[in-house]
Amino acid sequence: MKKNDIIEFIKYALVGSSNVLIDFIILNTLMHFTGIYQGSYLILFNIASFLIYSTNGYILNKKFTFKSEKASYFLYILVLGSAMIVNSLILFALSVNNTFSLDQVLWANISKLIASITSGIVSFLINKFLVFNKPSKVKNR
């Protein structure tokens, strides 16, 4: 792995962290006001937060992480939308199976964290090589 790849991954992680913060704030606000901490409504809450954090992520990744002029918003939303679906399914599955009988709010947040880390790693790889892919620089001979 090249130094540039490591720097890109760190930048992506910073942008991802801001997205996770936005995601958790929205998710916890919706859970708090509705009193719902498990089940299929969490998927709806996830979609609401996705619409906000995905826009933030696209702008920051395009300008800060990958510095790409030709990034496709459509591809980005397609990748993030797919990741959000996987994220939502993991969140749903974990939230309804509170194996350790933890507090509902705590378990919902742990479930969300596990889902976010899993989908975030896969999203980085897809975004790096597909969405924000820069043409390789060919040296003139």
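**A tour of charge, helices and a nonpolar patch**

Start by selecting the charged side chains of the protein: 13 are positive and 5 negative, and the centres of the two sets lie 15 Å apart. Lys and Arg count as positive and Asp and Glu as negative, leaving out His and the chain ends, and each charge is placed at NZ of Lys, CZ of Arg, CG of Asp or CD of Glu.

Before you go on: this is a predicted model, where local features need pLDDT of at least 70, side-chain atom pairs count only at pLDDT 80 or more, and totals for chains, interfaces and linings use all residues. Residues are numbered from 1 along each chain as its sequence is written, and side-chain values use heavy atoms, without hydrogens and water.

Next, switch to a cartoon view. You will find 4 helices and 0 strands (DSSP runs, H or I of at least four residues for helices and E of at least two for strands, numbered from the N terminus). Along the principal axes, the C-alpha atoms fill a box of roughly 65 × 25 × 20 Å.

Now select Met1, Ile6, Ile10, Leu14, Leu60 and Phe64, which form a nonpolar patch on the surface with about 610 Å² of accessible area together (Shrake-Rupley method, 1.4 Å probe, only the protein chains shown counting as cover for residues). Patch members have over 30% relative accessible area and no salt bridge, with nonpolar side chains joined within 5 Å and like charges within 9 Å; a salt bridge puts a side-chain nitrogen of Lys or Arg within 4 Å of a carboxyl oxygen of Asp or Glu. Helix α1 gives the largest share of the nonpolar patch, 3 residues.

Finally, zoom in on Leu14, in helix α1. Is Leu14 buried or exposed? Leu14 counts as exposed because its relative accessibility is 53% (exposed is over 50%, buried under 20%, partly exposed in between; 1.4 Å probe, protein chains only).
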